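Here is a friendly note to read alongside the model. Please keep the 3D view open and follow the points in order.

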Amino acid sequence: MNRRYRKTIIAGNWKMNKTISETKAYAEAVKPMLGKPKWCEAVILVPPVNLQAAVRAFKDVKISVGTENCHYEVSGAYTGECSADMVKEAGAKYVVLGHSERRAYYNETDVDVNKKMHAALRSGLRPILCVGESLEERELGVTMEKISYQLKSALSGITAEQIRRVVVAYEPIWAIGTGKTATPAQAAEVCGAIRTLVRKTYGARVARSMSILYGGSMNANNAAELLANEDIDGGLIGGASLDPETFVAIVNASNQD
Ligand code: PEP
């Protein structure tokens, strides 16, 4: 983290978990524990159907709300989808784009992710763009090539004004939901390389102020060590964010004076 230049963000990605009543119960559980995080923004990312209830439930808790996907078209015959305007109007501040589960299970391509980035930014959302290599790619030594390709494709055509609203999350696929966390050195190396790539296109000031998160089996025990790195500005947390106490512990780990 480098609090002088950029915001620390701890974002819980709930995936397809929790109903509206469970969302309300979670907010009630978090309320007495969380206080007012001084250094970091806590975010919960929920399925679109829960957005409005989540915004209401987290209003007094100092947690921002976002969602986990949006479509790239403004409207039309896309059964089952939600546009960026829809999730924005339902209360989302952030939207996760390019998550490896969407790339793997719904065949989302880099072109799709780029179109979604444009749609989200047009609607006033803050995208959390996920990039990450598979285990095979890491073992072949092409991690940086993969990250660079995904990042460049996703950011194609994004202006210098828009990039200020983009958050990037480095999520090695082999670490997601597996309990195998990247070592702090591995995570810091890739997050640093992402900042360098952003600097090349958008300049030093933009790169210095961009929040770059790590995601992949982050939990209350490993958060502080990961977040101690200058280039890791927070976490995108799946499984561990489902438990209110663990989520608050991770927020607190990022919030030490
Ligand atoms: C994620 O899905 O973005 C994620 C990081 O999941 P987990 O923390 O469960 O590995």
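**The ligand and its surroundings**

1. Let us begin at the ligand: one of its oxygen atoms is 2.9 Å from a polar backbone atom of G239. The protein covers 95% of the 290 Å² of accessible area that the ligand has on its own (areas come from the Shrake-Rupley method with a 1.4 Å probe; for residues, only the protein chains shown count as cover).

2. Before going on, please note that this is a predicted model, where local features need pLDDT of at least 70 and side-chain atom pairs count only at pLDDT 80 or more, while totals for chains, interfaces and linings use all residues. Residues are numbered from 1 along each chain as its sequence is written, and side-chain values use heavy atoms, leaving out hydrogens and water.

3. Side chains reach the ligand too. An N or O atom in the side chain of E171 is 2.7 Å from a ligand oxygen, and for the side chain of N13 the distance is 3.5 Å. Of the 14 residues around the ligand, K15, E171, G177, S217 and G238 come nearest (a residue counts as near if one of its heavy atoms lies within 4 Å).

4. Now look at the fold. Eight strands, β1-β2-β3-β4-β5-β6-β7-β8, form a closed barrel with parallel pairing. On average, neighbouring strands are turned by 30° against each other, direction ignored. Strands (E, at least two residues) and helices (H or I, at least four) are DSSP runs numbered from the N terminus, and two strands pair if DSSP finds at least two bridges between them.

5. Strand β3 (residues 63–67) joins β4 in the parallel sense over 2 bridges, with T67 opposite V95. Between β5 (residues 126–131) and β6 (residues 167–170) there are 4 bridges, and L129 has V168 as its partner.

6. Are the residues of β4 buried or exposed? Y94 and V96 on one side, and V95 and L97 on the other, are all buried (under 20% relative accessible area, with exposed over 50% and partly exposed in between, using a 1.4 Å probe and protein chains only).

7. Finally, find E108 in the loop between α4 (100–105) and α5. E108 is buried, at 9% relative accessible area. Beyond its neighbours within four places in sequence, E108 is in contact with residues including N69, G98 and R102 (contact means heavy atoms within 4.5 Å). The side chains of E108 and K116 are 2.7 Å apart in a polar contact (N or O atoms within 3.5 Å; within protein, one able to donate a hydrogen and the other to accept it, and residues adjacent in sequence count only if both atoms are side-chain atoms).

Notes
Axes are lines fitted to C-alpha atoms, for helices over the stretch in contact, and angles run from 0 to 180 degrees between N-to-C directions.
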